[in-house]
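Please open the model in your viewer and keep the selection tool at hand.

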Amino acid sequence: MADTSTDTIIYHHLEINETKERVLADGQPLTLTGTEFAMLLLLIKNRRQVFCARRLYEAVWGEPYYYGANNTVMVHIRNLRRKIEKDPKNPILIKTIWGKGYRCD
């Protein structure tokens, strides 16, 4: 039975429970790291906003951006897509906005 409380966000085939830090995909639980969960929640709660790597890094990691952080963000986005996207090579949930960053629609 789905948790329909106010702390649950439905986005496409995902159910994200912010309080329990739980994500279901088509009703099946996903195992996300804390960082992946924070990234997903930030992007979904701010749909249509583009987050550059710097902004995403500083919001999720809570520390100042450094040059190598671009790669860190990219790797985490790739790992997150592998877990939440039906076809990670053609993502529909987390879009790449070339030259700008990432967003959820």
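Tyr-66 is partly exposed, at 41% relative accessibility; here buried means under 20% relative accessible area, exposed means over 50%, and partly exposed lies in between, with a 1.4 Å probe and protein chains only. The model is predicted, so local features need pLDDT of at least 70 and side-chain atom pairs count only at pLDDT 80 or more, while totals for chains, interfaces and linings use all residues. Residues are numbered from 1 along each chain as its sequence is written, and side-chain values use heavy atoms, with hydrogens and water left out.

Select Tyr-57 next, which is buried, with a relative accessible area of 3%. The rings of Tyr-57 and Tyr-66 form an edge-to-face pair, because their planes stand at 85°, with the centres 5.6 Å apart. Rings of Phe, Tyr and Trp (its six-membered ring) pair if their centres lie within 6.5 Å; planes under 30 degrees apart count as stacked, over 60 as edge-to-face and the rest as tilted.

The whole structure contains three aromatic pairs. One of them joins Tyr-57 to Trp-61 and is stacked, at 4.8 Å centre to centre and 15° between the planes. Both residues belong to helix H2 (residues 53-61), four residues apart, or about one turn of the helix. Helices (H or I, at least four residues) and strands (E, at least two) are DSSP runs, numbered from the N terminus. Trp-61 is partly exposed, at 23% relative accessibility.

**Second stop: charged side chains**

Select Arg-55 and Phe-51: the charged end of Arg-55 sits over the ring of Phe-51, 3.9 Å from its centre. A charge sits over a ring if NZ of Lys or CZ of Arg is within 6 Å of the ring centre and within 35 degrees of the ring normal.

How many salt bridges does a search of the whole structure find? There are five, a salt bridge being a side-chain nitrogen of Lys or Arg within 4 Å of a carboxyl oxygen of Asp or Glu.

- Select Glu-18 and Lys-45, whose closest N and O atoms are 3.0 Å apart in a salt bridge. Glu-18 lies in the loop between strand E2 (14-17) and strand E3 (22-25) and Lys-45 in helix H1 (residues 34-45), so the pair ties together parts that are 27 residues apart in sequence.
- Select Lys-83 and Glu-36, a salt bridge with its closest N and O atoms 2.7 Å apart. This pair links distant parts of the chain, Lys-83 in helix H3 (residues 69-84) and Glu-36 in helix H1, 47 residues apart. Glu-36 is buried, at 4% relative accessibility, whereas Lys-83 is partly exposed, at 32%.
- Select Glu-58 and Arg-54, a salt bridge with its closest N and O atoms 3.5 Å apart. Both lie in helix H2, four residues apart, and about one helical turn separates them.

Finally, select Leu-14. Leaving aside neighbours within four places in sequence, Leu-14 is in contact (heavy atoms within 4.5 Å) with residues including Ile-9, Val-23, Leu-40 and Leu-93.
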